[in-house]
Amino acid sequence: MAPDPDAALMVAFQEGSEAAFRTLFERHGRATMAFCNRFVRDPARAEELAQDVFLKLHRSADRYQPSARFTTFLYRIATNHCLNEVRRGEYQARPEIDPESEDGAPLDPDALPGTSATPEEMARGNALARDVASMLSRLPESQRAAFVLARFEGLPYEEIAEVLGTTVPSVKSLVHRATVSAARALEPWSAGGAAS
Amino acid sequence: MIGRDRHVGDDLTALLDGALPDDRRAEVEAHLASCPECRSERDRIARALSSISLTPPPPAPRPGFEQRFYARLAREAPRHRSLLDRLAARPFRWLVPSTGLAALLVAGIWIRHADDRMDLEMARHLDLLESYVEVASLGVVETSEDVDVVSHLDELREGRP
């Protein structure tokens with residue numbers, strides 16, 4: 001396995017370098033917030049959850065051993081924290097949050113289909129995001145975690161298995177069942193039409 | 001070899017994800033060549049994956065994202081350090097809960113994956129560990145029954161039965 005520069009930063013933090021910890025946050029904090037938002041669909045809460053994850057990391061630094069990739073360790077903390085959060089139940093009844101109206105937070109420009117996206121393309125992207133979020137909220141939690149890690153974080157099945165503490169065949173099954181559910185829920189999009 | 005009467009199920013998604021070993025991929029592709037039902041299902045999943053790939057990521061954080069975290073870190077990290085210092089000064093107070101936690105972690109690791117790595121397992125149980133540390137600091141955890149209550153604190157906090 002290639003040397004993991006993030007693991008080296010974590011070791012430097014264990015040895016007392018707060019700057020190393022800040023570098024880790026600057027590298028992974030925003031991605032962790034985006035990951036958390038897949039579970040709670042609330043940017044403000046997602047930011048709090050990402051902060052929680054990094055506080056846990058800060059407190060438990062002395063327990064980290066660089067035998068695993070840093071991001072695997074981070075995803076494991078974040079997944080567990082997000083699943084604990086959604087188990088509280090309040091998100092199941094929460095109405096969909098329109099990304100455009102949430103705190104005036106802009107969508108990540110890199111996310112749009114090009115920097116010159118038309119208003120129609122932006123509206124279509126937002127509608128698709130809402131349908132995907134709604135589909136995610138209906139998945140059982142293990143399928144949801146596996147699906148988010150596979151589809152949005154791009155992790156290979158082997159790493160998802162490490163994050164979730166399960167086997168690769170189990171991940172294969174979880175990802176497949178979630179993807180079949182997604183195919184059913186997103187049928188109007190697959191047919192080339194936009195749900196309006 | 002996959003018979004025509006047996007479909008390939010969850011191998012379809014793994015095939016599209018490039019996650020099948022070469023020999024299995026060859027078997028699944030041979031089956032697809034002769035099974036219109038599985039081809040149709042594969043195409044349906046492929047269309048869904050294409051749609052999902054167009055999903056914009058969640059909103060970017062508001063400006064000051066890093067500064068808000070560093071401010072919270074400055075507020076909360078010293079409090080946690082102080083708690084650990086107090087625990088270190090009274091080691092017998094947390095002997096019971098920490099022994100209980102260690103036993104629980106060892107049992108969990110042994111049951112799930114004998115070769116799983118400790119650091120990842122610890123990541124999974126950070127919430128539980130923090131509950132033990134917080135409650136032990138109050139000096140009210142004395143018996144194994146107390147340890148059991150602490151292990152279910154999250155459920156009490158969430159109002160579960």
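Mentor: Before we start, two residues count as in contact if their C-beta atoms, placed from the backbone, lie within 7 Å. Keep in mind that this is a predicted model.

Trainee: OK, which helices do the buried residues of H2(B) pack against?

Mentor: Start with the buried residues of H2(B), which are B:Val28, B:His31 and B:Leu32. Seen down the helix axis, they fall within an arc of 100°, so they line one face of H2(B). On the other side sit exposed residues, including B:Asp22, B:Ala26 and B:Ser34. The buried ones pack against two helices of chain B, H1 (11-16) and H3 (36-53).

Trainee: What span is expected for H2(B) at 1.5 Å a residue?

Mentor: Helix H2(B) covers residues 22-34, which makes 13 residues. From first C-alpha to last it reaches 19 Å, close to the expected 18 Å.

Trainee: Which element of chain B has the lowest mean pLDDT?

Mentor: Chain B as a whole has a mean pLDDT of 74, with 45% of its residues at 70 or more. Over residues 156-161 of chain B the pLDDT is below 50, and beyond near neighbours in sequence that stretch has three contacts in the model. H1(B) has the highest mean of the chain's elements, at 95, while the lowest, 52, belongs to helix H9 (residues 153-157).

Methods: Residues numbered from 1 in each chain as written. Chains lettered and ligands numbered in written order. Predicted model: local features only at pLDDT ≥ 70, side-chain atom pairs only at ≥ 80, totals over all residues. Helix = DSSP H or I, 4+ residues; strand = E, 2+ residues; numbered from the N terminus. Expected span 1.5 Å × (residues − 1). Buried ≥ 20, exposed ≤ 12 C-beta atoms within 10 Å, placed from the backbone. Arc of directions from axis to C-beta. pLDDT = per-residue confidence, 0-100.
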